[in-house]
Amino acid sequence: SNGEWPPFFSKDLKKYGVTSHVVQEAFALENVEVKYEWYPWKRALHLAGIGEIDASIGWSKTKEREKDFLFSDIIINGNVMFFHLKDQKFDWNTFSDLKNIRIGSVLDYQYDNKIKEIKAIENTDIFEVINEQKLFQMLLKKRFHVVIINLDVGYGILNKYFTKEEVSSITYHKKPFHNEKL
């Protein structure tokens, strides 16, 4: 199973995105043909977990997932950042700096439990939405002060779904929120 997360995974990209292509080539070395089926991420993982799909691509290793899945070596190592509107000042050093900040994240993304840590801070709100495109829609409507997203994916989503004017109104804080290894 595979899902939309450009530039790494997308049914609209050449060879389904760079990471999808790497996985296909790795399996081809062992004479295994990869055929992707596309699902929302949560369903992709569920179908692999119950055996309806042989494997699912692009997941971070967690103790919970290791109970049901074998993991390859790391194929993506990227930074997750706080994106915000350029006209909104935003700075942070520690999680306590996020007090009184409305934060958007994708449902079920945990980033090594950092989302839980932030939720535990008094007067800090994290709102979870269904996908990255919705995150940026809500950021542009000023429903969030910041959104949490992988740097490359953030720009992949922005360039795929938003106008140049909208993209140029958004930036990100240079301090990574999380380094993710998939």
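**Figure 1. Lys119 and its salt-bridge partner Glu128 in the predicted model.** Lys119 is partly exposed, with a relative accessibility of 42%. Its side chain meets that of Glu128 in a salt bridge, the N to O distance being 3.5 Å. Glu128 is likewise classed as partly exposed, at a relative accessible area of 30%. Over the whole structure, the search returns five salt bridges.

**Figure 2. The salt bridge between Asp87 and Lys142.** The two side chains meet with an N to O distance of 3.5 Å. Asp87 belongs to the loop that connects strand 1 (77–85) with strand 2 (102–106), and Lys142 to the loop between helix 5 (132–140) and strand 4 (146–150), so the pair ties together parts that are 55 residues apart in sequence. Asp87 is exposed, with a relative accessible area of 57%. Lys142 is partly exposed, its relative accessible area being 40%.

**Figure 3. The salt bridge between Lys67 and Glu64.** An N to O distance of 3.1 Å separates the paired side chains of Lys67 and Glu64. Lys67 has a relative accessible area of 62% and is exposed. Glu64 also counts as exposed, at 53% relative accessibility. In general, side chains of opposite charge can pair when their charged atoms come close.

**Figure 4. The cis peptide bond from Pro6 to Pro7.** The bond that links Pro6 to Pro7 adopts the cis form, with omega near 10°. Pro7 is placed in the segment before helix 1 (18–28).

**Figure 5. Positive phi values at Asp112 and Asn113.** Asp112 is situated in the loop between strand 2 and helix 4 (114–119). Its phi is near 55°, a positive value in a residue other than glycine. The residue counts as exposed, because its relative accessibility of 55% is over the 50% cut-off. Asn113 is placed in the loop between strand 2 and helix 4. Although Asn113 is not a glycine, its phi is positive, at about 70°. With a relative accessible area of 42%, Asn113 is partly exposed.

How values were computed:
Residues numbered from 1 in each chain as written. Predicted model: local features only at pLDDT ≥ 70, side-chain atom pairs only at ≥ 80, totals over all residues. Heavy atoms only, no water. Salt bridge = Lys/Arg side-chain N within 4 Å of Asp/Glu carboxyl O. Buried < 20%, exposed > 50% of the residue type's maximum accessible area, 1.4 Å probe, protein only. Helix = DSSP H or I, 4+ residues; strand = E, 2+ residues; numbered from the N terminus.
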